[in-house]
Amino acid sequence: MFHVSSHVAIPDSEIDIHAMRSQGAGGQNVNKVSTAVHLRFDIDASSLPPFYKEELRKLRDHRISDDGVITIKAQQHRTQERNREDALERLRALIQSVAIPRRTRRPTKPTKSSQNRRLESKKRQSRLKALRKAME
C-alpha cells in the first residue's frame, strides 16, 4: 500500500514500475545494470477519490499524458532502490499538490500613481528620442 496522506492510499497493483538502463555518463556499470526506474500510474483506473482525479486531470504537467497516465522517470541515484523511492516520492508530491485548494485570482487594477509614472516615463523617453532626431 502506497500512502499519499493519512486518509488516501493507493494499492501497489495500480502503480507500474519498470527498471531500465540509465542514460548518460556512468562508466562501465551504466551499460550492464538497470538502475533507472520508469513509473506509470493511470489516474482514471486508480482508486483515488474523485476530487483527486479531477484535479490531477486539470493539471498542466508534462508528466501527465492526454490519456491521464502519469509517467515519472527516476535515474538520479546509483541504485535501483533509491531511484524507486525517488519516483514514488515524486508521485506522492504530485498527488499531494492537488489536495490543497487553489485560491481564485482576483484581477487587480494598476494604481493611479503607477499609471502616472508609466506615462511620465513614456513622455521622457519620447522627448529624449525627439532630441536625438533634432541632432541628426
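Reader: Thanks! To begin, where is Arg21 found?

Author: Arg21 is found in the loop between β3 (15-20) and β4. Helices (H or I, at least four residues) and strands (E, at least two) are DSSP runs, numbered from the N terminus. A word on the background: this is a predicted model, where local features need pLDDT of at least 70 and side-chain atom pairs count only at pLDDT 80 or more, while totals for chains, interfaces and linings use all residues. Residues are numbered from 1 along each chain as its sequence is written, and side-chain values use heavy atoms, with hydrogens and water left out.

Reader: Why is Arg21 called exposed?

Author: Buried means under 20% relative accessible area, exposed over 50%, and partly exposed in between (1.4 Å probe, protein chains only). Arg21 has 52% relative accessibility, so it counts as exposed. Arg21 and His7 are 14 residues apart in sequence, and their C-alpha atoms are 35 Å apart in space.

Reader: What makes Asp42 buried, exposed or partly exposed?

Author: The relative accessibility of Asp42 is 31%, so Asp42 counts as partly exposed. Asp42 is in strand β4. Leaving out residues up to four places away in sequence, Asp42 touches Asp67, Gly68 and Val69; contact here means heavy atoms within 4.5 Å. Ser65 is 23 residues from Asp42 in sequence and 9.6 Å away in space, C-alpha to C-alpha.

Reader: And which label does Asn83 get, buried or exposed?

Author: Asn83 sits at 0% relative accessibility, so the label is buried. This residue belongs to helix α2. Apart from neighbours within four places in sequence, Asn83 is in contact with Thr35, Ala36, Val37, Ala74, Gln75, Gln76 and His77.

Reader: Why does Pro107 count as exposed?

Author: Pro107 reaches 68% relative accessibility, so it is classed as exposed. Pro107 lies in the loop between α2 and α3 (112-135). Between Pro107 and Ile10 there are 38 Å in space, C-alpha to C-alpha, and the two are 97 residues apart in sequence.

Reader: What is in the largest nonpolar core?

Author: A nonpolar core is a set of buried Ala, Val, Leu, Ile, Met, Phe, Trp, Tyr and Cys residues joined through side-chain atoms within 4.5 Å. The largest one has 22 residues, of which Phe41, Ile70, Leu91 and Ile95 touch the most other members. Two or more residues each come from β1 (2-5), β2 (8-10), β4 (36-42), α1 (50-58), β5 (69-74) and α2 (80-97). The largest share, five residues, is from α2. Leu91 touches Phe2, Ile15, Leu39, Phe41, Ile70 and Ile72, not counting residues up to four places away in sequence. In soluble globular proteins, nonpolar side chains tend to be buried together.

Reader: How many helices and strands are there?

Author: The protein has three helices and five strands. Read from the N terminus, their order is β-β-β-β-α-β-α-α.

Reader: Why is the protein called more spread out than a compact globule?

Author: The radius of gyration is taken over C-alpha atoms, and the globule rule is 2.2 Å times the number of residues to the power 0.38. For 136 residues the rule gives 14 Å, while the protein has 26 Å, well over that value, so it is more spread out than a compact globule. Its C-alpha atoms fill a box of roughly 75 × 45 × 25 Å, taken along the principal axes. Of the 136 residues, 24% count as buried.
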